Amino acid sequence: MKKSKKQKKILFVSSEVYPFAKSGGLADVSLGLPKALLPMFDISIMMPMYSSIDKDRFDIVHTGISFEILLGKKKHLVELFSTSYEGIKCYFIDTRILCAKKSLYGTPEKGYKDNDLRFGLFSKAVIAFIKQSVEPYDLLHLNDWQSALCALFLKEDSSIKTKCVYTIHNLAYQGVFEKKALSRLGLSSSYFNMESLEFYGDMNFMKAGIAYADVITTVSPNYAKEILTPEFGCGLEGFLAKHQNKTVGILNGIDISNFSPKTDTALENNYDSKSYDKKYKNKQSYLKERDIKNTQRPLFIFIGRFTWQKGIDLLVKELDKISTMKLNIAILGNGEKKYSKQIKSISSKHKNINFYFGYDEELSRRMYASADFMLMPSLFEPCGLNQLIAMNYGTIPIVNSVGGLKDSVNSIDDFDSKNMSGFGICFEKKKPKALIKAIKKALELYKDKERLNKINLHNMECDFSWDRGAKAYATIYNSLVEKR
Ligand code: GLC
C-alpha cells in the first residue's frame, strides 16, 4: 500500500478564537480559516486560556505539559491545556497574568496596562511550546499584534527552522507601549530602532510581525494597497512599503457551515434561495419580538462594535434624519460608552429605531435572517465579515466602499451588466450626504420587489466560503515550507 504523504504541520496562533473567546471578526477567522485548511494540513490552533472560557463546556483538559518562562527578571509558570473542536486540535496557554483578567484586552476605551507583559508572555510561551514539540512545526501563522512578537522570538533562536506568516487584521491596533516594555520583556535594546520595534519613541508589537515574518498577509487585496497610504497606514505606511514585496492581500471568507440560513439553529425558519419567502416569516416574528411597528416597512440593521472605525459618528449624526424616513432600524452592539449613550438617547426618541445593547450571537443571526438591508458605514474596514454574512442571508449590504467592503460588495448599478459575485449599495463616505442618499436608494429598491429579490437570490448563491481564501493561504504555506 502506498504510504500517504505526511502533511505539513502548522500552528495557527490567535488571541481570540470563536466560540471560546471573541471580541470581533478575528475570532471568526481564527476558527473558519484553520477549518478550511484542515484537509490540506496538520493544523492546530493556539490561544490564551482566558478565565472566561468554560473548560467543562468545551471539554478542555490539561495536557500534562507545563514550563517556566523567564520574562525580564521574573519567572512565570505556564500550563498547557487542549481540546478538539470541530476536528481541530486547540491548545490553550494558561499563565496567571495573561488569563486572570475580566476581559480579553481591557475596556473598549483603554487596554490593560500590562498588555505588553501579557501578550509578550503569550508569544514567548508559543515559541517554548513549539520548541518542546517532538515533531517540529513547519510553520507558524500569527495574527495581529498580540502574537506578533513570536516572529521576533523565532528569528532569535536559530535552532528553530519554523517558517512564519503574519496576518494584519486591523492596523488600527498595533500594540504600542512605552519604551520600557522592551526591558520588561527582557528584549535587547538593539531592537529599539526604526527598522525594528521603535515607533515614535515607543515600542510597537506589530512591527515585529511586519519586520520578521517571512510573509505578511492582510485580509483583503484592497486593504493591502490602502495601508501603504497615510490615510489608512496608521503611521506604518512607510514601514509597510519597505516590506511590500512580502505582503499579499487575501479576502477573508466566512465559515458557511456556521453561517448559513439553511442550517442556522438560531433561526425560527430556515431558508435558502429556493425558499426565500420564508425569510419574511423570520422578519415578522423578529419585529414582534422586538415590538417594532409598521411591519411592512423595510428593516435596516446595524450590527457591530461601537468604535469610530465602524462609522458610528456618521450614523449617530444622521440617525434623527433617517428616523423620519419610512423604515425601521434595529441596532445591536456595544463598545465605547459615549456611542452607546448617544444611540440610546436617539433611539428613545424614535419608535422606529430599536436598540439592543450588548453582544448576542443568536440575536444577530436572527437579525441577518430578518433584515432587508444592513448598514456598514465603516470609515475603514480591513475586510469586514458582516457584509458577507448579510449577502449569504439574502440581506442587501449598504457599505462605504473601503478596504474589503470594496473587494466584496459590487454596486447594484452594475447588477444587470456585470457578472460578479456579491451586490449591494455602495457609497463613498467622503461625498456629502452619501449615507442618506444610499438609504434613499435602498428605499427605491425596496419598492421594486422583483429586482430586490433577483439581487438577493443571486447573492445567496454566491460562494462566500473560505474555499478560495484557504487555497491562497495553502499556496503561501507550501511555497514557504518547500523552500526550507
Ligand atoms: C478585524 C477587522 C475586520 C476583519 C476582521 C477579520 O476585526 O476590523 O475588517 O474582517 O478583523 O479579519
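User: What is the relative accessibility of Lys35, and how does this residue count?
Analyst: At 21% relative accessibility, Lys35 counts as partly exposed, because that class lies between buried (under 20% relative accessible area) and exposed (over 50%), computed with a 1.4 Å probe on protein chains only.

User: Before we go on, what kind of model is this?
Analyst: It is a predicted model, in which local features need a pLDDT of at least 70 and side-chain atom pairs count only at pLDDT 80 or more, while totals for chains, interfaces and linings use all residues. Residues are numbered from 1 along each chain as its sequence is written, and side-chain values use heavy atoms, with hydrogens and water left out.

User: Back to Lys35. Which side chain does it meet in a salt bridge?
Analyst: The partner of Lys35 is Asp255, with an N to O distance of 2.9 Å. A salt bridge here is a side-chain nitrogen of Lys or Arg within 4 Å of a carboxyl oxygen of Asp or Glu. Side chains of opposite charge can pair when their charged atoms come close.

User: How many salt bridges does the structure hold?
Analyst: The structure holds 24 salt bridges. Among them is the one between Lys180 and Glu178, at 3.3 Å from N to O. Another joins Asp320 and Lys349, at 3.5 Å from N to O. That pair also links distant parts of the chain, with Asp320 in helix H10 (residues 312-323) and Lys349 in helix H11 (residues 337-349), 29 residues apart. Asp320 counts as partly exposed at 33% relative accessibility, whereas Lys349 is exposed, with a relative accessible area of 54%.

User: Which residues do salt bridges with shared partners join into one network?
Analyst: The network consists of Lys22, Asp28, Asp264, Glu361 and Arg365.

User: New topic. Which domains does the assignment give?
Analyst: The domain assignment gives domain 1 (9-253 + 467-482) and domain 2 (273-461); such bounds come from an automatic or database domain assignment. The C-alpha centres of the two domains lie 32 Å apart.

User: How many residues are in contact between them?
Analyst: In domain 1, 24 residues are in contact with 22 residues of domain 2, where contact means heavy atoms within 4.5 Å. The area buried between the domains is about 1,600 Å², and carbon and sulfur atoms give 58% of it. Buried area is the accessible area (1.4 Å probe) that two parts lose on being put together, summed over both. In domain 1, Glu109, Asn222 and Leu251 lose the most area to domain 2, together 23% of what that side buries.

User: What is the count of salt bridges between the domains?
Analyst: The count is one salt bridge between domain 1 and domain 2. There are also seven residue pairs in polar contact between the domains, both residues at pLDDT 80 or more. A polar contact is a pair of N or O atoms within 3.5 Å; within protein, one must be able to donate a hydrogen and the other to accept it, and residues adjacent in sequence count only if both atoms are side-chain atoms.

User: Which elements give two or more residues to the domain 1 side?
Analyst: They are helix H1 (25-37) and helix H7 (221-226). H7 gives the most to that side, with four residues.

User: One more residue, please. Ser408: buried or exposed?
Analyst: Ser408 counts as buried, at 5% relative accessibility. This residue lies in helix H14 (residues 403-408). Its side chain makes a polar contact with the side chain of Gln387 (3.0 Å). Leaving aside neighbours within four places in sequence, the residues in contact with Ser408 include Leu251, Met391 and Gly422.
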